Amino acid sequence: MAERSKPERESAKTRNADPLCAVCGRKVLAQFRPFCSRRCADADLGRWLTGDYRIPGPPLDEGEPDAEDGEI
Ligand SMILES: [Zn+2]
């Protein structure tokens, strides 16, 4: 009674889910991965360069740990 009634699923359909462009959310083209186009790739790079991707957080106000505590 070990009859396997496992229907063949269209695994290829779910496995090959098209990644989406990180910038605009469109379908990614292999040549521009992980973006959909050169423009989006450039836009993303530009964001990095301009610091738009900075992680927002509280201003560093506590200073650094004592690095000049004593010379070794
Ligand atoms: Zn895009």
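The structure is a predicted model.

The secondary structure of the protein chain consists of two helices and zero strands. Of the 72 residues in the chain, 6% are buried. Among contacts with a sequence separation of 6 or more, residues 24 or more positions apart contribute 0%.

Helix H2 comprises 13 residues, and the distance between its end C-alpha atoms is 18 Å. H2 is hardly covered, as the count of buried residues within the helix is one. The residue that follows H2 is Gly51, and its phi is positive, near 80 degrees. Most residues other than glycine have a negative phi.

The loop between helix H1 (11–15) and helix H2 (38–50) contains Lys27. Lys27 is classed as exposed because 10 C-beta neighbours are found inside 10 Å, and the limit for this class is 12 or fewer. When residues up to four places away in sequence are not counted, Lys27 touches Asp18, Leu20 and Cys36. The C-alpha atoms of Lys27 and Ser37 are 9.3 Å apart in space, with the two residues 10 apart in sequence.

Ala22 also lies in the loop between H1 and H2. With 15 other C-beta atoms within 10 Å, Ala22 is partly exposed, because this count falls between the limit of 12 or fewer for exposed residues and that of 20 or more for buried ones. The contacts of Ala22, again not counting residues up to four places away in sequence, are with Pro34, Phe35 and Asp44. Ala22 and Pro34 are 12 residues apart along the chain, and their C-alpha atoms are separated by 6.8 Å.

Pro34, one of the residues touched by Ala22, is itself placed in the loop between H1 and H2. The peptide bond joining Arg33 and Pro34 is cis, with omega at about 0 degrees. Most peptide bonds are trans.

Technical notes: Residues are numbered from 1 along each chain as its sequence is written. This is a predicted model: local features need pLDDT of at least 70, side-chain atom pairs count only at pLDDT 80 or more; totals for chains, interfaces and linings use all residues. Helices (H or I, at least four residues) and strands (E, at least two) are DSSP runs, numbered from the N terminus. Two residues are in contact if their C-beta atoms, placed from the backbone, lie within 7 Å. The expected span of a helix is 1.5 Å times one less than its number of residues.
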